[in-house]
Amino acid sequence: MTGKKILLFGTGDYYNRYKKWFPREDVQALLDNAPDKQDTLLDGIPVVSPKQGVQLPYDIIVILSFYVKTMKRQLVELGVPEEKIYHFYDLNRLICSGNGEAAVDYKKNIEYYGGAKQVEPSSAILLLSHDLTMGGPALALYHMALALLKQEKKVVMASMLDGPLREVLLQAGIPVIVDANLQVETMCDAGWPEKFSLIVCNTINFHVFLSERNTDTPVVWWLHDSSFFYDGVIPGVLQAISRKNMQVCAVGPVARKAMEKFRTDLSIQDLLYGVADEVEGCEGTGNRPGTDRDRVCFVTIGYIEMRKGQDILVKALRDMSEEIRKKAVFYMAGPDTSLLAGRIREGTEDLPEVVMTGVLDREEIHALLEQADVLVCPSREDPMPTVAAEAMMHSVPCILSDVTGTAGYIQDRVDGIVFRSGDTKQLSEKLVWCIEHPGRLSDMGILARKVYENVFSVRVFEENVRHIMSKVQKAGGK
């Protein structure tokens, strides 16, 4: 790809994840729709509007975002030929094998921690994560590693990106490999992963990696992704993935159906994550907030973005009377630098009941849940939000949109509440019911705790992992 004139569309999280692959001298400009970012410099590169950017000389435009459908449509409307538009899922063919000739100078250094380099691969299981953030999928894989250790398995965790989870893994005695090349390579390109006795790949991010692999090495592919994350996928790449010696799992029906739109031939088994119990004496205490306070405490936790639907919640608040709304407080926790977060902040200046907390660490999240009456997940798409299981662990009932995977395990008005996705009027009615019946929330929370214990506990997860691994090994694993 060296020598091509490149425009990069997106300056957020995925720009930071992938910018290393683009030589600075080749990047003509960064494109961004946010007016406050335009006409600035980022990493010494000018940031301009897409309309301005496409007037510059360029060979290709690479979209560094999961909002690929919308951004690609915008570029096409601006006159960009489709064949010049790429997504970060396309980096393998751009970087590793351009024009059929393998590039030998793209390799980044591999980093080893906790004795990872000394582990004999043939006697260990490799767990592959797309990052080491404290997000749901990475944490789920961490808990799988702990489950395998209990089963006296040797495990190594590897990731495309470093992050704070690395220290947690090392403290648990789990060796870690950080290999940025996994962002662009197939298994055959990488070589080293196939030497392990078994590989667990986490999320759709590994579909390119799996498209060319040594089928002698057994693979468990654990899907956590809603259909939104498939927008940049080339169907042919998914079709190229061999079913031989591979077990595909999903965190419930939302993630399973997203893959089934592309591969109806795959047998996909449910494997829900397990959440470690960090609560003692919570059940049945009678001290849930709302029974001894003037205001009912609602909480939303997660990235503030369209997919998570916090704007739906704000609209629902507008549908209720000011008198009712004053009887509650609504904490909105999570990264708040997105355009949507900015709009919500400006749009709730006259709603003192809405409190945007920004990013919270794990300890602060659990403290917030301890003070909550209800967790709200107003998502437009959400396969199986970890925070819902964590709320139920704290005996906090959840209000969930019906496109949230967790909603399939909830009985409405018994151990939680379900509303139609995007229906702000119905959500408003459910919120009002909670405000008017605070005494019911404690009993509902006790039953929500039972859902956690029976569906999302580590005990249940460990047994499911044992079953999956046994099934893979019987099918011909090493």
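The questions and answers below concern a predicted model.

Me: How many of the residues of strand S9 are buried?
Reply: Val 155, Met 157 and Ser 159 point one way from S9, and Val 156 and Ala 158 point the other way. In a regular strand, side chains alternate between the two faces of the sheet. Residues on both sides of S9 are buried, so the strand is largely enclosed by the rest of the structure, and the count is 5 of the 5.

Me: What is the phi of Thr 203, and is the residue buried or exposed?
Reply: Most residues other than glycine have a negative phi. Thr 203 has a positive one, near 80 degrees, and its place is in the loop between S11 and helix H8 (207-211). Because its relative accessibility is 1%, under the 20% cut-off, Thr 203 counts as buried.

Me: Where is Ser 395 found, and what is its phi?
Reply: Ser 395 is found in the loop between helix H15 (386-393) and strand S19 (398-401). At 3% relative accessibility it counts as buried. Its phi is positive, in a residue other than glycine, and near 60 degrees.

Me: How many disulfides does the count come to?
Reply: A disulfide here needs two cysteine sulfur atoms within 2.5 Å. For Cys 201, which is in no disulfide, the nearest cysteine sulfur is that of Cys 249, 12 Å away. Cys 377 is also in no disulfide, and its nearest cysteine sulfur, that of Cys 398, is 5.9 Å away. The count of disulfides comes to 0.

Me: What is the relative accessibility of Cys 201, and what is that of Cys 377?
Reply: Cys 201 counts as buried, and Cys 377 also counts as buried. The value for Cys 201 is 0%, and the value for Cys 377 is 6%.

Me: How much space lies in the largest cavity?
Reply: Rolling a probe the size of a water molecule over the atoms shows where empty space is left. The count comes to 5 cavities of 30 Å³ or more. In the largest cavity lies about 80 Å³.

Me: Which elements give two or more residues to the lining of the largest cavity?
Reply: The lining of the largest cavity has 13 residues. Phe 88, Tyr 89, Gln 183, Asn 205 and Val 208 lie nearest its centre. The elements that give two or more residues to the lining are helix H4 (91-96) and H8.

Key
Residues are numbered from 1 along each chain as its sequence is written. This is a predicted model: local features need pLDDT of at least 70, side-chain atom pairs count only at pLDDT 80 or more; totals for chains, interfaces and linings use all residues. Side-chain values use heavy atoms; hydrogens and water are left out. Helices (H or I, at least four residues) and strands (E, at least two) are DSSP runs, numbered from the N terminus. Buried means under 20% relative accessible area, exposed over 50%, partly exposed in between (1.4 Å probe, protein chains only). On a 1 Å grid over the protein atoms alone, a cavity is a set of points where a 1.4 Å probe fits but cannot get out, and a pocket is an open set with protein on both sides within 12 Å along at least five of seven lines; lining residues have an atom within 4 Å of a point. Grid points are joined across faces, edges and corners, and a volume is the space filled by probe spheres set on the points.
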